[in-house]
Amino acid sequence: MRVIGLETSCDESGVAIYDAREGLLAQRLHSQSRMHAEYAGVVPELASRDHVRRILPLVTEVMREAGTGWGQIDGIAYTAGPGLVGALLVGASVGRSLAWSRGLPAVPVHHLEGHLLAALLERPAPVCPFVALLVSGGHTLLVKVERAGRYEIIGETLDDAVGEAFDKTATLLDLPYPGGPALEQLARAGDPARFSFPRPMVDRPGLEFSFSGLKTFAANTLLGYRHASDRDRLRADVARAFQDAVVDTLAIKCRRALRATRLSRLVVAGGVGANRALRQRLTELAREEGGEAFFPRAEFCTDNGAMIAFAGCLRLQGGEWTRGGFDVRARWPLDALQAIAPG
Amino acid sequence: MKLLAIDTSTIACSAALFDGGDPRERFEIAPREHADLLLPMVDALLAEAGWSREQIDVIAFGRGPGAFTGLRIAAGVAQGIAFGLDIPVVPVSTLAALAHGAMREGGGTRVLAAMDARMREIYWGAYELEGGGRLVARGAEQVCAPMDARLPVGEGWFGAGDAWDVYGDILRLRLGPRLAGWDAGRYPRARDIALLAAPVYMEGGGLPPEQALPVYLRDNVAQPKKRKPSAPE
Ligand SMILES: Nc1ncnc2c1ncn2[C@@H]1O[C@H](COP(=O)(O)OP(=O)(O)OP(=O)(O)O)[C@@H](O)[C@H]1O
Ligand SMILES: [Mg+2]
């Protein structure tokens, strides 16, 4: 089974071809983040306008790179939500119509399922069951994955997502949007001993998160030291303290989640999963717990077509496809999904 | 030549097949249901006409102006089908289609197409039917306040499109006796997209699939955020 995957839920146009036997054959990404930077956030209408210009050239490129003609394609997967409706509709309309014109099955994919299963593109791949930590621009979830398609949310953020907290704090630190990667870079030069930020929600039981307070703490610290002579030093130290607090908090909750579920495998997903301090910390933690941590390569942590092609391939193998039109959903609870039938 | 035409630029959703005779069309007023309806409409038309997908030679679509999301649905579907079947696309102005429909049914030769563009503006275009039965635009398409719509010369103009309802008073006042009548209940439809696209395709005017792109007319959709000075104080 060979599947083309299209991702257009937010500000990245991603296309990939995944083959159930041969693995990932080709993938391409166009990121709009530079375009949105001058607006300090994603402008939905501009995102949609860009997707409709980019998507087909990306399809052409991956087909060429994979050396694949239509004869070898067995289905088309596209992100159908959650995300920006206008943006989603571009991938959905192109994907569904490509499938329609070739008489192929098309399958709508849940964007977060794509993220959650991205680590399965790597070798060695984690096997179910596992605990997944999804840390992206819009989500912070701890998910118990009994098997592919069955997702039990066991922990969630009560306010900001981790990626959002990174981006907002980065803005306070005068870093360009989206600031997660730049903040990580800046934190490297920071002194871990100068500031100590709170670890939100770790003193009470449960797997809930809260990150909005950290951003406020960073803002107050910057304000308190606004007369400091060495502003660059200050920025780096605040970045470091912020990142340490986030990594610590996530690690504490992941440890709790592994213990509560009695599982040993921890799978990380989503853009913040690219953060090296986090990866290192969670790798150590899983080992301490007698288990193992799994991460997608950094480029598959953020939005990409490969994860959609992969999740779509699993669902197509399980006999799922869509007839008729191409619905998309801004909101779509992850635990509303059905388990994937073994292919 | 077997031509498929689609339009989802307004609250109407339509598809048509054309191969020289009278186009076969499906048309529905269906706000926010275009993504659901469009492909099943095309399936029904193909079954009715006894065509297979692979027989389609060219796909025409309403490229705008109109509702942004709707324009991208038509462009996306046109891209997907054209790429999958390896056939060309013909983008057609929705204002021209609106004017063409009004002439086809009303018999006149001069139409002022006007669609509500929200934000107190209209999409506007003036069209005339020339001797050889060819529709020509009198001036460029506009998105503008009804007061700023460029009026063509001459008399006997007929108004078409929903802006003749929403902003009818201003437009009628400006046209005065040069306006022969109006129909605000008209929308662009795939039948007219097909009839306008066919000669373009026959004359070699088809485009590659990735050039199936919307024409929004309204392009100032976001304000850049002013960058604050990087060092406070
Ligand atoms: N190295 C990094 N360190 C910290 N954060 C990072 C890093 N790299 C990316 N991020 C953050 O990851 C987020 C983007 O991740 P992703 O693309 O998965 O999110 P999204 O698709 O916008 O949100 P969602 O998938 O929840 O809808 C941004 O907030 C970005 O700042
Ligand atoms: Mg994402």
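**Reading the chains, domains and contacts**

Reply: In chain A, 74% of the contacts with a separation of 6 or more are between residues 24 or more positions apart; two residues are in contact if their C-beta atoms, placed from the backbone, lie within 7 Å. This is a predicted model, in which local features need pLDDT of at least 70, side-chain atom pairs count only at pLDDT 80 or more, and totals for chains, interfaces and linings use all residues. Residues are numbered from 1 along each chain as its sequence is written, while chains are lettered from A and ligands numbered from 1 in the order in which they are written.

Me: How many helices and strands are there in chain A?

Reply: Helices (H or I, at least four residues) and strands (E, at least two) are DSSP runs, numbered from the N terminus. Chain A has 10 helices and 10 strands. Its radius of gyration is 20 Å, close to the 20 Å that the globule rule gives for 343 residues, so chain A is as compact as a globular protein of that length. The radius is taken over C-alpha atoms, and the globule rule is 2.2 Å times the number of residues to the power 0.38. Along the principal axes, the C-alpha atoms of chain A fill a box of roughly 65 × 45 × 30 Å.

Me: What percentage of the residues of chain A count as buried?

Reply: A residue is buried if 20 or more other C-beta atoms lie within 10 Å of its own, exposed if 12 or fewer, and partly exposed in between, with C-beta atoms placed from the backbone. By that criterion, 55% of the 343 residues of chain A are buried.

Me: Is A:Y18 buried or exposed?

Reply: A:Y18 counts as buried because it has 28 C-beta neighbours inside 10 Å. The residue lies in strand β2 (residues 12-19) of chain A. Leaving aside residues up to four places away in sequence, A:Y18 touches A:V3, A:G5, A:L24, A:L25, A:A306, A:A309, A:F310 and A:C313. By contrast, A:L186 is 168 residues from A:Y18 in sequence and 36 Å from it in space, C-alpha to C-alpha.

Me: Into which domains is chain A divided?

Reply: Domain bounds come from an automatic or database domain assignment. For chain A, this gives domain 1 (2-117 + 300-336) and domain 2 (128-295). The C-alpha centres of these two domains of chain A lie 27 Å apart. Across the boundary, 14 residues of domain 1 of chain A are in contact with 18 residues of domain 2 of chain A. On the domain 1 side, α1 (33-37) and α4 (111-117) of chain A are the elements that give two or more residues, and the largest share, 4 residues, comes from α4(A). That side has 8 nonpolar, 5 polar and 1 charged residues. Here Ala, Val, Leu, Ile, Met, Phe, Trp, Tyr, Cys and Pro count as nonpolar, Asp, Glu, Lys and Arg as charged, and the others, Gly among them, as polar.

Me: How is the packing of two helices described?

Reply: Two packed helices are described by the angle between their axes and the distance between the axes. In chain A, helix α5 (residues 162-172) and helix α7 (residues 212-224) pack at about 10 degrees, with their axes 9 Å apart. Axes are lines fitted to C-alpha atoms, for helices over the stretch in contact, and angles run from 0 to 180 degrees between N-to-C directions. α5(A) is therefore roughly parallel to α7(A); angles under 35 degrees count as roughly parallel, over 145 as roughly antiparallel, 65 to 115 as roughly perpendicular and the rest as oblique. α5(A) contributes A:A165, A:K168, A:T169 and A:L172 to the contact, and α7(A) contributes A:L214, A:K215, A:A218, A:A219 and A:L222. By class, the contact comprises 6 nonpolar, 1 polar and 2 charged residues.

Me: How many residues of chain A are in contact with chain B?

Reply: 32 residues of chain A are in contact with 32 residues of chain B. On the chain A side, α2 (44-66) and α3 (85-102) each supply at least two residues, and α3(A) provides the largest share, with 13 residues. The chain A side divides into 15 nonpolar, 8 polar and 9 charged residues.

Me: How many helices and strands are there in chain B?

Reply: Chain B contains 6 helices and 11 strands. Of its 233 residues, 51% count as buried.
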